[in-house]
Amino acid sequence: MTDREFDIYFRSMYLPLGMFALRIVDDAQSAEDIVEDAFMKVWQQIEAGKEFDDFKAYMYRSVRNGCISFIRSRKETVGVECIPEIDEETVDTSERDARLWKAIDALPDKCREVFLLSKRDGLSNDEIAQRMGISVKTIKNQMTKAFSRLRDDLSPAHKPFFLPFL
């Protein structure tokens, strides 16, 4: 694998692997550390001449193993059976979550803030308006704008896209 190929894999897989790890360890900084460590270890293997038949599968397995090690190091009583196996659905979910968060991050600042206060924090339009010092109508407009942009960003070829997980 060339440096360029590794860079392409890193850029395309970093966020989905991070979302996968986050669901397991429930700590963003630890999830990020686990993914970075997995990429560093695999880079060392590549430099030593190792070839990979299925790099994506290998990375998911490496991150899963890193999560297991992390959980064991905290001496938690969670069994390995509680950690999801890596299957197509798990990978698809991680990639979907990564696309969603990337699209949310791309929203304009005010729009993103309103959207997250509503969907992540569960605040009502009145509560958001009061907290931000703006009208409820502005909140509704920002939410409409957020949903419109998310649908456009997340739908292939701008076909209608339903966001059931929000």
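Count the salt bridges here and you get three, a salt bridge being a side-chain nitrogen of Lys or Arg within 4 Å of a carboxyl oxygen of Asp or Glu. This is a predicted model, where local features need pLDDT of at least 70 and side-chain atom pairs count only at pLDDT 80 or more, while totals for chains, interfaces and linings use all residues. Residues are numbered from 1 along each chain as its sequence is written, and side-chain values use heavy atoms, leaving out hydrogens and water.

Start in helix H1 (residues 3–25), where aspartate 7 and arginine 11 sit four residues apart, about one turn of the helix. (Helices are DSSP runs of H or I, at least four residues, numbered from the N terminus.) Their side chains meet in a salt bridge at 2.9 Å, N to O. Aspartate 7 is partly exposed at 29% relative accessibility, whereas arginine 11 is exposed at 66%; buried means under 20%, exposed over 50%, and partly exposed in between, with a 1.4 Å probe and protein chains only.

Next comes helix H2 (residues 28–47), with aspartate 37 and lysine 41 four residues apart. They form a salt bridge too, at 3.2 Å, N to O. Aspartate 37 is partly exposed at 32%, and so is lysine 41 at 48%.

Now on to helix H5. Aspartate 109 bridges to arginine 112, their closest N and O atoms 2.7 Å apart, and aspartate 109 is exposed at 58%.

H5 (residues 109–119) also packs against helix H7 (residues 136–154) at about 95°, with their axes 9 Å apart. That makes H5 roughly perpendicular to H7, the label for angles of 65 to 115 degrees.

How values were computed
Axes are lines fitted to C-alpha atoms, for helices over the stretch in contact, and angles run from 0 to 180 degrees between N-to-C directions. Helices (H or I, at least four residues) and strands (E, at least two) are DSSP runs, numbered from the N terminus. Angles under 35 degrees count as roughly parallel, over 145 as roughly antiparallel, 65 to 115 as roughly perpendicular and the rest as oblique.
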